[in-house]
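Please look over the sequence and the structure first.

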Amino acid sequence: THTHTHTHTHTHNLYTHSPPPPLAVRSQLLERMASAPPPSSCDCFVSLPPGSRDDHVIFGKNSDRPRDEVQEVVYHPAASHPPGCSVECTYIQIPQAEHTHGVVLSKPAWLWGAEMGANDQGVCVGNEAIWTREPACHEEALLGMDLVRLALERGASAWGALTVITGLLEEHGQGGPCMEASEPFVYHNSFMLVDRNEAWVLETSGRLWVAQKFTEGVKNISNQLTIGMEISAEHPELRATAQAQGWWDGEGEFNFSQVCTMENPPARVELAKRRYTGGTALLQQHDGSVTAEVMMSILRDKSSGICMDSGGFCTTGSMVSILPRDPSLPCIHFLTATPDPSRRLSRLTEISPFLVSLCLCVSLCVSLSVSLHLFVCGVHVLVSRSASLAA
């Protein structure tokens, strides 16, 4: 007998939202979302020393979702769970871990998982929609966003979070609609997993996967495959499956991107290539001097398409994290929970092993008059002042 774990019991919502819209209004919103083109964006970035100016790992992500979808920031404290209990993800129920880390998540309000987030172990994870030769699964399973949250709750390092995802893929698979719309929208997922020492890019196709490790410099991912022959880890059946499907002849070196990229890709994949190239150029422009401020400027960049605001989709949430190499220093996380990072406020979050010790509302713009919202142990204090803020 499984005991259901109510995951929202100890949730602290770091933003206050209005009540849900009436059913008639909600129906109109869903119709608008259904008629909009599929999203063509989402980007993850990382800078590791010597790419960073200081001895910090810097992580950043823009989440691009339906314009009318609420993206909220929530905190779940670390918890222990009784043996045999389960956790209800977006579509399916899976066995719960004995212990889950404290996490801060930026997530679409309607689902269980998250677009991006961080845990109290100094791990950050973000995901991207990708398409491969293997058709994405419409059957309800784990969403990529569920895997982001599960990786953060269960992984004590970037590699640990990666093995959480690959293990869950093998056991439960990935699939199901990723939007609230009449026409189901499905995809595979790639992930960027970062800690104080290293970063991993994980690219998946169904239950198959490949990963590449980074210990220095800068790297970005978008809605496309990026791992070629520089493979650090892979599913044990990846190459045999590719050969059996006729995607690879078994001769020469195995290039995952070339082997698994779909033939005649849709326009959104071609657009992603241009955005990926633009993101790479922006990172390389600042290679050796990347700071949180620089990462925020990249997420605000509209000319590259990284800051998206067109059609039915836009950048609905952004995140920048500072992970000092020195373990005695805290990790700091900036999250917007509002659309368009070029003009919205962010919230600064320091995660301790036991609580969110401080959430400080600051601006993604460097200099302006602000109100500082302090959340210390759940007590809210508002202090208004004029300030020039450098991230």
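## Aromatic pairs

Across the whole structure, a search turns up five aromatic pairs. One of them joins Trp159 and Trp200, and this pair is tilted. Its ring centres lie 4.8 Å apart, with 45° between the planes. The model is a predicted one.

The Trp159 and Trp200 pair links distant parts of the chain. Trp159 sits in helix α3, residues 158-172. Trp200 belongs to strand β14, residues 199-205.

Trp200 has a relative accessibility of 7%, so it counts as buried.

## An edge-to-face pair

Phe185 and Tyr187 make another ring pair. Their centres are 5.5 Å apart. Their planes meet at 65°, so the pair is edge-to-face; the cut-off for that class is over 60 degrees.

Phe185 is buried, with a relative accessible area of 9%. Tyr187 is buried too, at 8%.

## A ring cluster

Which residues do ring pairs link into a cluster? They are Trp131, Phe185 and Tyr187.

## Cysteines

How many disulfides does a search of the whole structure find? The count is zero. A disulfide would need two cysteine sulfur atoms within 2.5 Å.

Cys89 has 3% relative accessibility and counts as buried. Cys260 also counts as buried, at 3%. The cut-off for buried is under 20%.

Key:
Residues are numbered from 1 along each chain as its sequence is written. This is a predicted model: local features need pLDDT of at least 70, side-chain atom pairs count only at pLDDT 80 or more; totals for chains, interfaces and linings use all residues. Side-chain values use heavy atoms; hydrogens and water are left out. Rings of Phe, Tyr and Trp (its six-membered ring) pair if their centres lie within 6.5 Å; planes under 30 degrees apart count as stacked, over 60 as edge-to-face and the rest as tilted. Helices (H or I, at least four residues) and strands (E, at least two) are DSSP runs, numbered from the N terminus. Buried means under 20% relative accessible area, exposed over 50%, partly exposed in between (1.4 Å probe, protein chains only).
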